[in-house]
Amino acid sequence: MITYILLVSRQGKVRLAKWFTTMPLKDKAKIVKDVTQLVLARRARMCNFLEYKDKKVVYRRYASLFFVCGIGAGDNELVTLEIIHRYVEVLDRYFGNVRLCIIFNFQKAYAILDELIIAGELQESSKKSVLRVVSQSDNHEEQENSEDIARLGSRSG
């Protein structure tokens, strides 16, 4: 099970953090700090898996972002790498530029992540299904916004 997903810039700034287990804020901050330092200190040719306390850390760098997952000691690292890659593919299809989408549309990045992973487990492996659900959500949101604007316009007129 995935316990957390972090998206971290090369400078160490956390762009997205999703936790699938409950723990005190102090513990989360320590994990983020320690894991970020460990991942950023590694060279490009080093293995993408490392151990941190009783968990494994699996990460992958795409452009200037590190996608970092904390998983249980008995979980499969290669499956986790594939989940990271699937998330990046969906983000890339939806936005075109993953780095900018995380900065300017982080709520959509969270929504896409929520469609892929629930409670730390992969729920939907189909990129098309995830994109279809997110697009439907976008259409519904646009429809609600246009109805709100129409209602406000009729009141002022």
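In the predicted model, strand β5 and helix α2 each supply at least two residues of the lining of the largest cavity. The greatest contribution comes from α2, which provides three residues of that lining. The residues that line the largest cavity are Ile5, Phe67, Cys69, Ile83, Ile84 and Tyr87, and by class the lining comprises six nonpolar residues, with no polar and no charged ones. The volume of this largest cavity is about 30 Å³, and a search of the whole structure returns one cavity of 30 Å³ or more.

The strands belong to an open sheet of five, arranged in the order β2-β1-β5-β4-β3 with antiparallel pairing. The edges of the sheet are formed by β2 (14–19) and β3 (49–52), each of which pairs on one side only. On average, and with direction ignored, neighbouring strands of this sheet are turned by 20 degrees against each other. Strand β3 is joined by four bridges to β4 (residues 55–62), the two running antiparallel, and leucine 50 has valine 57 as its bridge partner in β4.

Two helices that pack on the sheet complete this description. Helix α2 (residues 77–95) packs on the sheet and touches β1 (2–9), β2, β3, β4 and β5 (65–72), with its direction making about 35 degrees with that of β4. Helix α4 (residues 106–116) likewise packs on the sheet, where it touches β1 and β2, and its direction makes about 35 degrees with that of β2.

How values were computed: Residues numbered from 1 in each chain as written. Predicted model: local features only at pLDDT ≥ 70, side-chain atom pairs only at ≥ 80, totals over all residues. Heavy atoms only, no water. Pairing = 2+ DSSP bridges. Axes fitted to C-alpha atoms, helices over the stretch in contact; angles between N-to-C directions. Contact = heavy atoms within 4.5 Å. 1 Å grid on protein atoms, 1.4 Å probe; cavity = no way out; pocket = protein on both sides within 12 Å on 5 of 7 lines; lining within 4 Å. Points joined across faces, edges and corners; volume = space filled by probe spheres on them. Nonpolar A, V, L, I, M, F, W, Y, C, P; charged D, E, K, R; others polar.
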